[in-house]
Amino acid sequence: MFIIGELINGMYANIGSAIKERNKAEIQKCALEQLASGADALDVNCGPASRHPLVDMPWLVEAIQEVTDKPLCLDSSKPAVIEEGLKAARNKTIINSTTADPEKLDIIIPLAKQYRSKLIGITISAKGIPQNKDQRLELAATIVATCSEKEFPIEDLYLDPIVLPVNVAQAQMKDILESIHEFRIISDPAPKTIVGLSNVSQGTHVRSLINRTFLTMAVAYGLDSAILDPQDKKLMGALITAELILNKNIYCDSYLEAYRKK
Amino acid sequence: METQLVLEKWPGIISTITLGARKEDGGSRAGAVKIGGQNTLPLLFKEGNIPNKPAIAFEVWDVHPEDWPEELVAAYGKALNDPFAWADKCVNEYKAQTLCLRLQGTHPDFGDKGAQEAAKFISALLKKVKVPLVIIGSGDDAKDNQILPACSEAAKGEKCLLGCAVQDNYKTLVASVLADGHSIIAESPIDINIAKQLNILISDMGLNLERIVINPTIGALGYGLEYAYSIMERARLAALSGDKTLASPFICFVGQEAWRAKEAKQTPEQGIIWEVITATSLIQSGADLLVMRHPKAIEKVSKYIDNLMNYGKTLDPKP
């Protein structure tokens, strides 16, 4: 599982004020802690309160790059903000994200190609959030087809079925899980799959339990990657165990520790 | 149409272990032997780098081996009565690059030699022969815990390979190896889960994973060779896929197992064939260091290794 740490996000108070005060050390601490907990890459998001995201994004990128060469997942709905992040990045990058709207795809895919970045495509469009599996697949197919047309390598594409809070869209959970499996058979080579995990437990009282239960199930459906809180030890333990049960790692009594030694 | 080879690119790499410290490395060996370091499956020269060829260590005992079959005894003759003469014969007559010294005489049932005597013997042997040494206890846990620390100290700085640590008895040996600059053999009973666990336990004590050689325990041809083969293959696939806790070179005690087979003792030369086939099969499953007994078998396997590696050298450089 390719794990992207979600904690560098301006919507968290510590990060929000660190961005405002240009407190590099706080950002770098957050980056290193997530990597030490098992993150393979770091999400970078200025947050909704950022008044100058075009400046904040590259500042964050520079700050993180000083302490790690792991990939950075540049998270913004605004292509211009993503591009400022791409310009500043020496590390590998993942663009987070494009929707299935043609006008968005027309801007983001060339950006991804130009900067040799990977790309997350979420299956929503201007029409709104899909209501079932078929709509998700249709949007996924649009993203894959446009990427092929523009000669973006499909193996560098991560499709996100859009995870909704379980207390809002309970009836859709099974469709979301099945979409993860079916996205992979849209094309050969297959696109990868990703979820923004924490959304599933938004507004509930047992967030960590719901997160790790959903993640375990998604892993069984073949999920490749997740944006999550790597410092949630129980979540990481469940993930490592799910992968063990799927025979992705060799068992030993200290398998949790063994995974962390990787 | 030309057939296209499907080439795999692995993210993992097997650790490189250097046996033997030369003068410039702080030891007294005439040469060093490197094992491991490959980033592909055995002999797939086109897929990756295989910087070191499988090495062979001649097995030498500190006492006369009572239960060795006649054919094996005949190969060494009177030298078997004197471990120094035996070691000397291996190095000077058979051109051994490495020796594996088994301290069988320290076993409570086979001489019960003490720690001091064993350490003295190691010191004297290090003066007599200049090749890198693998040093193995007698397999009696309690006794090994007395003997091996003394031997480790006697060979301090010579970068030997000491063994065998097992899941229930590894702490004493790890502490010695750590203090004296050697590497360690971690033995598991044809069990990949225990092999992985033991590597973690050893590295938890502060001995780097890059100083561990796995003894997967093998069976000879007809005696479980395929079990060992598949365990080694599975460990190697995991290691090359990025599991650092299994990315250790393998040592295989080929001679010991091959000459135990009843078929090996039936007709002349059959034992040699048994040892050769066991060794060559294990090379294909990833063996990096083979501990062998019969000089003729060793000669044949050495040629086999050289042929394979020379073939590897003729191929195009890796992309």
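**Helix packing exercises**

Helix 4 (residues 79–88) and helix 5 (residues 102–114) of chain A pack at an angle of about 5°, their axes 11 Å apart. The model is predicted: local features need pLDDT of at least 70, side-chain atom pairs count only at pLDDT 80 or more, and totals for chains, interfaces and linings use all residues. Residues are numbered from 1 along each chain as its sequence is written, with chains lettered from A and ligands numbered from 1 in the order in which they are written.

**Exercise 1.** Classify the packing of helices 4 and 5 of chain A, then find the residues that meet.

*Solution.*
- Take the angle between N-to-C directions, on a scale from 0 to 180 degrees, with axes fitted to C-alpha atoms over the stretch in contact.
- Angles under 35 degrees count as roughly parallel, so helix 4 of chain A is roughly parallel to helix 5 of chain A.
- A:P79, A:I82, A:E83 and A:L86 of helix 4 meet A:I107, A:I108 and A:L111 of helix 5. Contact needs C-beta atoms, placed from the backbone, within 7 Å.
- By class, this contact has 6 nonpolar, no polar and 1 charged residues. Nonpolar covers Ala, Val, Leu, Ile, Met, Phe, Trp, Tyr, Cys and Pro; charged covers Asp, Glu, Lys and Arg; the others, Gly among them, are polar.

**Exercise 2.** Describe how helix 8 (residues 207–220) and helix 9 (residues 233–245) of chain A cross.

*Solution.*
- Their axes come within 9 Å and cross at roughly 20°.
- Helix 8 of chain A is therefore roughly parallel to helix 9 of chain A.
- The contact residues include A:L215 of helix 8 and A:L239 of helix 9.
- The classes are 7 nonpolar, 3 polar and 3 charged.

Terms used
Helix = DSSP H or I, 4+ residues; strand = E, 2+ residues; numbered from the N terminus. Parallel < 35°, antiparallel > 145°, perpendicular 65-115°, else oblique. Contact = placed C-beta atoms within 7 Å.
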